[in-house]
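User: Hi! I'd like to go through this structure with you. Can we begin with the aromatic rings?
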Amino acid sequence: MFGNYLIGLREGLEASLVVCILVAYLVKTERRDALRPIWIGIGVAVALALAFGFGLEFGSQELTFEAKEALGGSLSVLAVVLVTWMVFWMRRTARHLRSELHTRLDAALQMGTGALVATAFLAVGREGLETALFVWASVRASSDGTHAPLIGVLLGIASAVVLGWLFYRGALRINLAKFFTWTGGMLVIVAAGVLAYGVHDLQEARFLGGLPDKAFDISTTIPPDSWYGTVLKGVFNFQPDPTVLQVIVWCLYLIPTLALFLAPVGFGRSVRSQEQKQKATDEQAEKADSGSGGARGGDGAVADGERVRDGARGAGGRTVGGAK
């Protein structure tokens, strides 16, 4: 339940921050007349996300077992890709999100009501669709036959709405950079479990092989129906008897992704900038050397030219003297 609560909190808070930024900017610039189109766009985006979630849940019930497992596994993999991209995107652009939304909103204000609706819809709709897909995949992966996973998601979204309102009112101030770093890292761990579960679905759909090959089986040590087994299942999507392929995919995703996510933001760019500076220094040195060589060549050419002119003057003198 905690893992699903984290998903609802993290995803919902991102959408709440977007809404707060849009509304606060319009109020600050005294454009309250534009609030209605903004709320219409937000409402349409939320309705689309809910419809997408209901379609995923009820649309797959009429499929055969193998088709359902293939669809669930494929969407789980897609959800992990989208969420991974999202956490890295938010980590990179969180500090510039406000100015980016302000720029888009200024352009929309000049274009009219339809542009305002579209701006709010696109800003919130992307978050809503990603949230619906990942929540569906995560709830399906951690489902234990109860409504606890879905309740966890709803509680997380409700908490995000309350936090967003407190941010807007100025009653709450936290370090959003640290918040998104910690929750993003935990979300990567949850995504690794969803990916492993998706691989298991694809194995059951006979799209991938290796279903009988178990990496280990500790069901007797950690029974799935025990309280600690339920906690591990709910938080990390832990499975006591994973296949070899599940363990391999889990490790190949989690270790490099978490390492890259927790690395300093400017780490890769600083290394590249040092390489570019060194390359520029080498190029300048080569140009300086070639310039010196050219200067030396120019001095030789000047000396040769002076000798030619002296010879011409001597020849001219002799010619005149001969005429005499």
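User: How many aromatic pairs does the structure hold?

Analyst: The structure holds one aromatic pair. Rings of Phe, Tyr and Trp (its six-membered ring) pair if their centres lie within 6.5 Å; planes under 30 degrees apart count as stacked, over 60 as edge-to-face and the rest as tilted.

User: Which residues form the aromatic pair?

Analyst: Phe88 and Phe261, in an edge-to-face pair with 5.6 Å centre to centre and 90 degrees between the planes. Phe88 sits in helix α3 (residues 65-93) and Phe261 in helix α9 (residues 244-262), so the pair ties together parts that are 173 residues apart in sequence.

User: Is Phe261 buried or exposed?

Analyst: Phe261 is buried, at a relative accessible area of 1%. Buried means under 20% relative accessible area, exposed over 50%, and partly exposed in between (1.4 Å probe, protein chains only).

User: Where does this model come from, and how are things counted?

Analyst: It is a predicted model: local features need pLDDT of at least 70, side-chain atom pairs count only at pLDDT 80 or more, and totals for chains, interfaces and linings use all residues. Residues are numbered from 1 along each chain as its sequence is written, and side-chain values use heavy atoms, with hydrogens and water left out.

User: How many helices and strands are there?

Analyst: The protein chain has ten helices and zero strands. Both are DSSP runs numbered from the N terminus: helices are H or I with at least four residues, strands E with at least two.

User: Now the inside. Which residues touch the most other members of the largest nonpolar core?

Analyst: Val87, Phe134, Leu187 and Tyr253, in a core of 25 residues. A nonpolar core is a set of buried Ala, Val, Leu, Ile, Met, Phe, Trp, Tyr and Cys residues joined through side-chain atoms within 4.5 Å.

User: Which helix gives the most to this core?

Analyst: That's α7, with seven residues.

User: What does Phe134 touch?

Analyst: Leaving out residues up to four places away in sequence, its partners include Ile7, Ala79, Leu187 and Val194. Touching here is a contact, meaning heavy atoms within 4.5 Å. There is also a second, separate core of 21 residues, which includes Val18, Leu22, Ala34 and Leu109.

User: Last one: what span should helix α2 have?

Analyst: The 25 residues of α2 (residues 35-59) should span 36 Å at 1.5 Å a residue, and the end C-alpha atoms are 35 Å apart, which agrees. The expected span is 1.5 Å times one less than the number of residues. Among the buried residues of α2 are Leu35, Ile38, Ile42 and Ala45.
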